[in-house]
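User: Please take me through the strand pairing and the charged side-chain contacts of this protein.

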Amino acid sequence: MKLCSTRAAVLALLVCATGAPAHAQLLPPTPDVTGSRVRLGPLWMNPSVSLTNVGVDTNLFNESEAENPRRDVAVALVPQSDLWMRAGRTWLTGNVRQDMLWFREYSDEGSTNGAYRAGWV
């Protein structure tokens with residue numbers, strides 16, 4: 001009985017003594033703020049505006065050909081900005097985007113859609 005418990009103790013000691021080596025965690029890469037256009041104190045920004053669509057919508061209300069579909073000029077504009085801010089050893093990141101759709105005659109059909117993203121690196 002004593003031999004069995006001695007073997008178990010030796011085996012437990014060997015298992016504990018031969019653990020896996022420890023490795024440090026890798027830090028995530030820092031954001032590249034060299035291309036940012038605006039800096040306000042600790043806040044870096046890269047604003048942009050995109051004209052994503054200009055044209056004529058030939059069937060604005062998805063009507064059949066027999067109903068004489070209505071047409072209108074449509075313009076889609078997308079202003080957005082990427083954001084970065086240093087917070088100690090980490091970075092706060094974000095993106096603000098607003099999609100805007102405009103119609104010339106049927107202005108009540110226009111719309112806006114916002115998208116917001118935040119992150120921590």
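Analyst: Two strands count as paired if DSSP finds at least two bridges between them. Strands (E, at least two residues) and helices (H or I, at least four residues) are DSSP runs, numbered from the N terminus. This is a predicted model, in which local features need pLDDT of at least 70 and side-chain atom pairs count only at pLDDT 80 or more, while totals for chains, interfaces and linings use all residues. Residues are numbered from 1 along each chain as its sequence is written, and side-chain values use heavy atoms, with hydrogens and water left out.

User: How many bridges join strand E1 to strand E2?

Analyst: E1 covers residues 38–40 and E2 covers residues 43–57. Leucine 40 stands opposite leucine 43 of E2. The two strands run antiparallel, and the number of bridges joining them is three.

User: Which residue in the turn of the E1 and E2 hairpin has a positive phi?

Analyst: The hairpin formed by E1 and E2 has two residues between its strands.

User: Over how many bridges do E2 and strand E3 pair?

Analyst: E3 spans residues 72–87. Among the facing residues, tryptophan 44 stands opposite tryptophan 84 in E3, and asparagine 53 has alanine 76 as its bridge partner. E2 and E3 pair in the antiparallel sense, and the number of bridges is 14.

User: Which strands stand at the edges of the sheet?

Analyst: The open sheet has five strands in the order E1-E2-E3-E4-E5, with antiparallel pairing. Each edge strand has a single partner strand, so one side of each is left without a neighbour in the sheet; these strands are E1 and E5 (111–120).

User: What is the average twist from one strand to the next?

Analyst: Axes are lines fitted to C-alpha atoms, for helices over the stretch in contact, and angles run from 0 to 180 degrees between N-to-C directions. On that basis, the twist from one strand to the next averages 20°.

User: Which residue forms a salt bridge with glutamate 63?

Analyst: A salt bridge is a side-chain nitrogen of Lys or Arg within 4 Å of a carboxyl oxygen of Asp or Glu. A search of the whole structure finds two of them. In the one that involves glutamate 63, the closest N and O atoms are 2.7 Å apart, and the partner is arginine 70.

User: Is glutamate 63 buried or exposed?

Analyst: Buried means under 20% relative accessible area, exposed over 50%, and partly exposed in between (1.4 Å probe, protein chains only). Arginine 70 is partly exposed at 36%. Glutamate 63 has a relative accessibility of 15% and therefore counts as buried.
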